[in-house]
Amino acid sequence: MIDRITMSTAESLIFFSLIAAVTMFVRFLPFLIFPEKKETPKYVQYLGLVLPYAIIGMLVVYCLKNASPLSYPFALPELISVASIALLQKWRNNMLLSIGGGTLLYMFLVQVIF
Amino acid sequence: MAATPGNIRKKALKAAFPYTIPVLTGFFVLGLAFGILMSSKGYGFFWPTLVSIVVFAGSMQFVAVGMMAGGLEPLSIILMTLMVNARHLFYGLSMLEKYRGTGWMKPYLIFGLCDETYSILCSTEPAEDVDKNWFMFFVTLLNQIYWVAGSTVGSFIGMAIPFNTTGIDFALTALFIVIFLTQWQSLKGRPSALIGILCALACRLIFGPDGFLIPAMLCILLTVTVLRQPLEKRYDRS
């Protein structure tokens, strides 16, 4: 198959241990800074309220970051797939159908059409 | 039914399971995609399973597979993980109150606080006769089980049928779009959601595709801080 990785098993284990450790650090940090005994500052509580919405919006942009409307295929696979996901979701409100359908459509578009 | 520890657990599991059904489907597809992708790079068998148990951070796992071609570069791995997972800081901040007093479960609840578990737990209160701590524990555990199971099945499919996986990581994009659309239905979150999209778009245009996540997060933080008064009113009303 294409592009096999050239890391040894030990290197791969270190690679993923690092990722696991940093992920844990990020998830535990807020709980270490604001322990149970102390009341959380009002500003931090406010952030906890508004940020989730903003962050999911940011993630959508992040996932589509490599799509360029200026050169071929003009972000068309992404546009078509995103629109289909929105329609599927509105139509059936079924996560599996929207995700599965959107992904299969995108794979078809980038592998066969564009 | 007597309130024995066994019954309390069973009741919490029964209450938790329905909430995780959308994640069951989404995570199984995504986990499958991850398993297939990783075994297509020559990392089959136990690799996807192990990574999904220990790392358990969907988007970072996909990014990691992309980074493996660059070899073991500790600094760039650490920075990339920080950037991709920084949003979990925000999840932690908003679960500080809910996770109060969860005792021995707390480390696992924090460890397993992924996007989907977060989106269920921050929007759901179990019925009064259901133990809240066990409920949160089972939502977290079930979601991780789906993810690990998907990865494992995917690794075997990937090894058995070598097929063209180009575009399969779009499953992740699809998941975030679906969560975004679900959140969009709740009116109070719309201004924050728009702030997220616009800050990210602006920073993507200015900083290019590879370095815009941190500037975008700072931009979001700044904007919601400046707009605190009007935004906060919106949450008080609903």
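Is B:Glu97 buried, partly exposed or exposed, and at what relative accessibility? In this predicted model, in which local features need pLDDT of at least 70, side-chain atom pairs count only at pLDDT 80 or more, and totals for chains, interfaces and linings use all residues, side-chain values use heavy atoms, with hydrogens and water left out. Residues are numbered from 1 along each chain as its sequence is written, while chains are lettered from A and ligands numbered from 1 in the order in which they are written.

B:Glu97 counts as partly exposed because its relative accessibility is 38%, where buried means under 20% relative accessible area, exposed over 50%, and partly exposed in between, with a 1.4 Å probe and protein chains only. This residue forms a salt bridge with B:Arg100, the closest N and O atoms being 3.1 Å apart; the term stands for a side-chain nitrogen of Lys or Arg within 4 Å of a carboxyl oxygen of Asp or Glu. B:Arg100 is likewise partly exposed, with a relative accessible area of 27%.

By this rule there are six salt bridges over all chains. In another of them, B:Glu125 pairs with B:Lys98 at 3.5 Å between the closest N and O atoms, and this pair links distant parts of the chain, 27 residues apart, with B:Glu125 in the loop between helix H7 (115–121) and helix H8 (132–160) of chain B and B:Lys98 in the loop between helix H5 (87–95) and helix H6 (106–111) of chain B. Helices here are DSSP runs (H or I, at least four residues), numbered from the N terminus. B:Glu125 is exposed at 54% relative accessibility, whereas B:Lys98 is buried at 19%. The side chains of B:Glu232 and B:Arg228 also meet in a salt bridge, at 3.2 Å from N to O, and both residues lie in helix H12 (residues 228–237) of chain B, four residues apart, about one turn of the helix.

Between the chains, the contact (heavy atoms within 4.5 Å) takes 101 residues from chain B and 72 residues from chain A. The two chains bury about 7900 Å² between them, 77% of it on carbon and sulfur atoms, buried area being the accessible area (1.4 Å probe) that two parts lose on being put together, summed over both. One salt bridge is found across this interface, and in it the side chains of B:Lys106 and A:Glu36 meet at 2.8 Å, N to O. The largest share of the side of chain B that touches chain A, 13 residues, comes from helix H9 (residues 170–185) of chain B.

The largest nonpolar core holds 102 residues, of which A:Phe15, A:Phe16, B:Met38 and B:Tyr99 touch the most other members; such a core is a set of buried Ala, Val, Leu, Ile, Met, Phe, Trp, Tyr and Cys residues joined through side-chain atoms within 4.5 Å. Helix H2 (residues 42–63) of chain A gives the most to this core, with 14 residues. Neighbours within four places in sequence aside, A:Phe16 is in contact with residues including B:Met38, B:Trp47 and B:Met68.

In chain B, B:Ser52 lies in helix H2 (residues 46–54) and is buried, with a relative accessible area of 0%. By contrast, B:Phe207, in helix H10 (residues 190–207) of chain B, is partly exposed at 47%.

Terms used
Helix = DSSP H or I, 4+ residues; strand = E, 2+ residues; numbered from the N terminus.
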